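Please open the model in your viewer and keep the selection tool at hand. The stops below are meant to be visited in order, each with something to select and something to look for.

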Amino acid sequence: MIEDKDFQERIKKAERTAYRAAFVTAIASVLLLITIYYPSFSFGASNTEVLAEVEADEDRIENGIHVRTGLKEAAGLMTVVNNCTNCHSSKLVIQNRMTEERWNETIKWMQKKQGLWELGDDQKIIVDYLVKNYPPQKKGRRLALTDIEWYELED
Amino acid sequence: MLEGYTPIALQDPDPFELFKKHKDMLVLNDKPWNIESKAHLLDDKITPNSAMFIRNNGRIPENIDASNWVLTIDGESVKQPKSYSLRDLKTKFKQHTYQLTLECGGNGRSEYDPPAKGNQWSVGAVHCASWTGVRLKDILDDVGMKDDAVYIAYHSADTHLSGDPSKEPISRGCPVSKAMEAETLLAFQMNGKDIPLAHGYPLRLVAGGWPASVSGKWVNRISVRDIVHDGPKMTGTAYRVPCKSVAPGEKVKDEDMCIIESMPVKSLITYPKTGAMIKKDKTLSIRGHAWAGDFEVSKMEYSIDFGATWETCALDKPANRLAWQHFSADIKFPKTGYYEVWARATDSNGVSQPMVVPGWNPKGYLNNACHRIAVKVS
């Protein structure tokens, strides 16, 4: 499935990001340890600055993807992140491909049944973002098999 | 302090470790947890926990105290409410073990066009584990139902995603006739052990052959209703399909939607995994499972020419009613090249799986189109 491929690529990206984050933490820890044992040693940046940088990274973008949620970087991204990922995962948003009309209906349903707040002017920003970045794809009555991982079948 | 500081990306628990799932399973949603299996992971005759899909509508309950767990039977149509501890259930009633097929109503949703809303399940939201418990019928008989009983409804310990304690994430059920079937269990064991938390520990209603959402997890109350139950996920479009078939994308009024009961006939090739490359002189042995809701599968076939011709597979009888059935076949390929092996089951009513995606419905339920795997012969 095309969507599966997209989705798996996002998962892989998220994994790579996690490794990168772990690497950054490891480096930062080493720097901290060095600073503790050699107080006179200077990197040109204080510990608090290092920490602040790691925390600010929460909303960083890599290769056009908002790392924390996997959502595409485009106009309206943070409005979507702030309104659509509190109650459910961004994965649910990314998997679903809908028209403007159906997104508006879905928002109405979430407000009626799931406790979503009134979105006001943000609703148009959110729906525009979704329709533009995650448009419905034509699948017809059956798609061809894609993304086959070929392997030799042993006896 | 940097020590003990964990970057955001690492704070989420590893679901594969948390739920003891195979690493090839696919996380569709982490809030709430929804995790899908793959065809080749479902090869066992009795599905192990590691390959069972997880579907949640709300938050998995925490800090369950099984020793103080109480099941209450109440509702308009009981003679008087009655409560049981887990120990009562285990000691006062006869225990039964059945292999029961549970398939998510939305399994296969990802193939619908125009797309349907919700978790985009592919083929892996089905399993057939071995469940041990007491018959719901025995409990209902012990409580005593009034003549006007229509439906039974479960209530559970999971919590709503919004955090609102007055809201239930899901409360579904089934008509009394299904509740009274011999295989409808209140189960406390799965595959011979306590049920894993994600699958309903310590008590799960198990109603094989119907959308798995009927099989409520973490059940602490069952209401016997004098109406068709109207809890969350019973009404509107949830677990319902148009009573009359509609064109793709057509709008359907809530009152024209009917509750899904028995699931349709379906099958899955679980061996080999798609993408097998074999030599022309070799025989390819395929196997898998087939199921048909409340019914039995009477015929299993495969095709290597996109349905132009079909060959019969060997097909086992079910271990018990509502258990999936195992099939196998040995395939010789006439030439080298690209092939797809398609599998098609036919139920005891003579109804077969379609090769194309079946009738569109607003929520994308009941896709029982034939499963296929890709094979290259050289």
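Throughout this tour a residue is called buried if 20 or more other C-beta atoms lie within 10 Å of its own, exposed if 12 or fewer do, and partly exposed in between, with the C-beta atoms placed from the backbone. This is a predicted model, in which local features need pLDDT of at least 70 and side-chain atom pairs count only at pLDDT 80 or more, while totals for chains, interfaces and linings use all residues. Residues are numbered from 1 along each chain as its sequence is written, and chains are lettered from A and ligands numbered from 1 in the order in which they are written.

**Stop 1**

Select Trp218(B), which is placed in the loop between strand S11 (204–206) and S12 of chain B; helices (H or I, at least four residues) and strands (E, at least two) are DSSP runs, numbered from the N terminus. Trp218(B) counts as buried because it has 23 C-beta neighbours inside 10 Å, and its phi is near 50°, a positive value in a residue other than glycine.

Two strands are said to pair if DSSP finds at least two bridges between them. Strand S3 (residues 70–74) of chain B runs parallel to S12(B) and is joined to it by 3 bridges, with Ser223(B) as the bridge partner of Asp74(B). Strand S7 (residues 151–156) of chain B pairs with S12(B) in the antiparallel sense over 6 bridges, and here His155(B) stands opposite Arg221(B).

**Stop 2: the two domains of chain B**

Colour chain B by its domains, whose bounds come from an automatic or database domain assignment: domain 1 covers 64–100 + 129–259, and domain 2 covers 266–377. Taken over C-alpha atoms, the centres of these two domains of chain B are separated by 31 Å. Two residues are in contact if their C-beta atoms, placed from the backbone, lie within 7 Å, and the contact between the domains takes 14 residues from domain 1 and 14 residues from domain 2 of chain B. On the domain 1 side, strand S5 (95–103) and strand S13 (240–242) of chain B are the elements that give two or more residues, and S5(B) provides the largest share, 3 residues.

**Stop 3**

Which residues have the most contacts inside the largest nonpolar core? They are Leu186(B) and Val341(B), in a core of 90 residues, where a nonpolar core is a set of buried Ala, Val, Leu, Ile, Met, Phe, Trp, Tyr and Cys residues joined through C-beta atoms within 7 Å. Domain 1 (64–100 + 129–259) and domain 2 (266–377) of chain B both give residues to this core, so it lies between them. Centre the view on Leu186(B), whose contacts beyond four places in sequence include Leu89(B), Leu136(B), Ile139(B) and Val219(B).

From there, select helix H4 (residues 136–143) of chain B, in which Leu136(B), Ile139(B), Leu140(B) and Val143(B) are buried. Seen down the axis of H4(B), these buried residues fall within an arc of 95° (the arc of the directions from the helix axis to the C-beta atoms), so they line one face of the helix. Just after H4(B), Gly144(B) takes a positive phi of about 95°.

**Stop 4: a sheet with strands from both chains**

Show chains A and B together and find the open sheet of 6 strands with mixed pairing, in the order S4(A)-S16(B)-S23(B)-S22(B)-S18(B)-S19(B). Its edge strands, each pairing on one side only, are strand S4 (151–152) of chain A and strand S19 (311–312) of chain B. Within the sheet, strand S16 (residues 276–278) and strand S23 (residues 371–377) of chain B pair in the parallel sense over 3 bridges, and Ala276(B) has Val375(B) as its bridge partner.

**Stop 5: loops of chain B**

Finish with Pro32(B), in the loop between strand S1 (26–30) and strand S2 (33–36) of chain B, where the peptide bond from Lys31(B) is cis, with omega near 5°. Another cis peptide bond joins Asp113(B) and Pro114(B), with omega about 0°. Pro114(B) lies in the loop between S5 and S6 of chain B.
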